[in-house]
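Let's take a friendly tour of a protein model. Have the sequence and the 3D view ready, and follow along one stop at a time.

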Amino acid sequence: MTKTISYPDSTPPAVFTQDELGWAPWLQPLTEAELTERHWAGLVDASRSKSDYFMLLAHDPEVLEARTNADKDIFYNPNGGLPRAERELSATATSRHNGCIFCASVHSRFASTHSKRRDDVQRLLDDGVDTDLGERWNAVKQAAVALSDTPGQFGVAEIAELRAAGLDDFEITDVISTSAFFNWANRLMLSLGEPVPAKAA
Amino acid sequence: MSAQHTDLIDQILSITPGSRLDVLRRHREVARENIQKAYVALFQPRDVTQVTLLERLAVASFVAGLHGQIVLADHYAHSLSQAEDGPVLSALITGEIEAGQTEGPYGIYPAGPLSAENKAGPHYRVGADARKLLGDKLSAALEHAHLLVFRPRDASREALQALLDAGWSTSAIVTLSQLVAYLAFQVRMVDGLTALASASEQPIAANSDSFTAALAAGNSL
């Protein structure tokens, strides 16, 4: 009978943080020796074979490949739409609301780097999604929260708020995609392993 | 009509080429294509040895129903009822959606300052009668799906052990997890695009290259 992997000596982080964290899988990732061409295609970038998370997801390579390619376009496509900082804000607010400490750590760092508003980002982590971040960021954050609620609470009122804050419909579509995507990511990260202190360099 | 569509989201939202939503979606063309590819990978899978198509459709139907996303819930319920042995299962899933209704996200944080944000809520279990018909294996998958949908921060190593103990392999658990998480994504894309479709049109901001594309497309729904 297969057993999950446990980390009895690790104390998982108990607060949201912009510090770097590690992540450890509860199920056995594939090893490089087990990878076929189909798995390498699923990893998209060969360097992802160094990540336990992607090597675990590589058990279903077709889904992983599509997910990775969607992820990159939603977050990194520089052609118009929402500025990168606010895509990361949307991912951070979503992760904060769902409770994914690991996802929030990664994307809050990106939000801080791209916005230069580290203190505001930290307030979102410390005080939660009701904190006041100014009109435009509030609209993005509230939209991400409404989308993340189950059943969904996102509707024309949220669209009106986003437009009133100056977002056009291409930007709003990016708010939707980035928050929706983190509802995917949060559920994988939270359920397939646990955050651990960053490995000493 | 639906035969023209090769994209599920376009199909269920009746998005036509050149319409406003089509222009918005195609602004992230690679994402649009891969969102569909992930759907195909999950529901026209290359490998059904670990998770059968019937199991996939049953879990998807349950998850879409729990979200109250009517259009997607109908889509998956219909797909399930079309499958061999699907109609009986579909009726059972409808009952479990009723039994599993609640509001999320809720759950418990690691002990510490975040404990103040702990929020209690139901821990859904398949009822004894339904379990006899669904079997222990699929029942375990539904219970895990409910956990992921409503209280993802309660996810635990023990929850994965319960899936292993019910007979799911490591690779099956990865597929099931992706399926539930993908549905959580897909539901929200559909919710968001539906809201955009309902909101009155707004002139799209200038100095965007997309502006021209939207104009060229007639900027209409």
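## A valine and its contacts

Which residues does V180(B) touch, not counting residues up to four places away in sequence? Keep in mind that this is a predicted model. Within chain B, V180(B) touches V59(B), V63(B), A145(B), L148(B) and V149(B). V180(B) also touches R187(A), a residue of chain A.

## The largest nonpolar core

V180(B) turns up again in the largest nonpolar core, which has 115 residues. Together with V59(B) and V63(B), V180(B) touches the most other members. The helix α9(B) gives this core its largest share, 17 residues. Chain A takes part too: its domain 1 (21–75 + 190–197) and domain 2 (82–189) both give residues to the core, so the core lies between them.

In soluble globular proteins, nonpolar side chains tend to be buried together.

## Two domains in chain A

Now look at those two domains of chain A. Their C-alpha centres lie 24 Å apart. Where they meet, nine residues of domain 1 are in contact with twelve residues of domain 2. On the domain 1 side, β1 (21–25), α3 (61–76) and α9 (169–192) of chain A each supply at least two residues. That side divides into seven nonpolar residues, one polar and one charged.

## A tryptophan in a loop

Is W168(B) buried or exposed? W168(B) has 24 C-beta neighbours inside 10 Å, so it counts as buried. You can find W168(B) in the loop between α8 (157–165) and α9 (170–198) of chain B. Leaving aside neighbours within four places in sequence, W168(B) is in contact with K137(B), L163(B), I173(B) and L176(B).

Methods
Residues are numbered from 1 along each chain as its sequence is written. Chains are lettered from A and ligands numbered from 1 in the order in which they are written. This is a predicted model: local features need pLDDT of at least 70, side-chain atom pairs count only at pLDDT 80 or more; totals for chains, interfaces and linings use all residues. Domain bounds come from an automatic or database domain assignment. Two residues are in contact if their C-beta atoms, placed from the backbone, lie within 7 Å. Helices (H or I, at least four residues) and strands (E, at least two) are DSSP runs, numbered from the N terminus. Ala, Val, Leu, Ile, Met, Phe, Trp, Tyr, Cys and Pro count as nonpolar, Asp, Glu, Lys and Arg as charged, and the others, Gly among them, as polar. A residue is buried if 20 or more other C-beta atoms lie within 10 Å of its own, exposed if 12 or fewer, and partly exposed in between; C-beta atoms are placed from the backbone. A nonpolar core is a set of buried Ala, Val, Leu, Ile, Met, Phe, Trp, Tyr and Cys residues joined through C-beta atoms within 7 Å.
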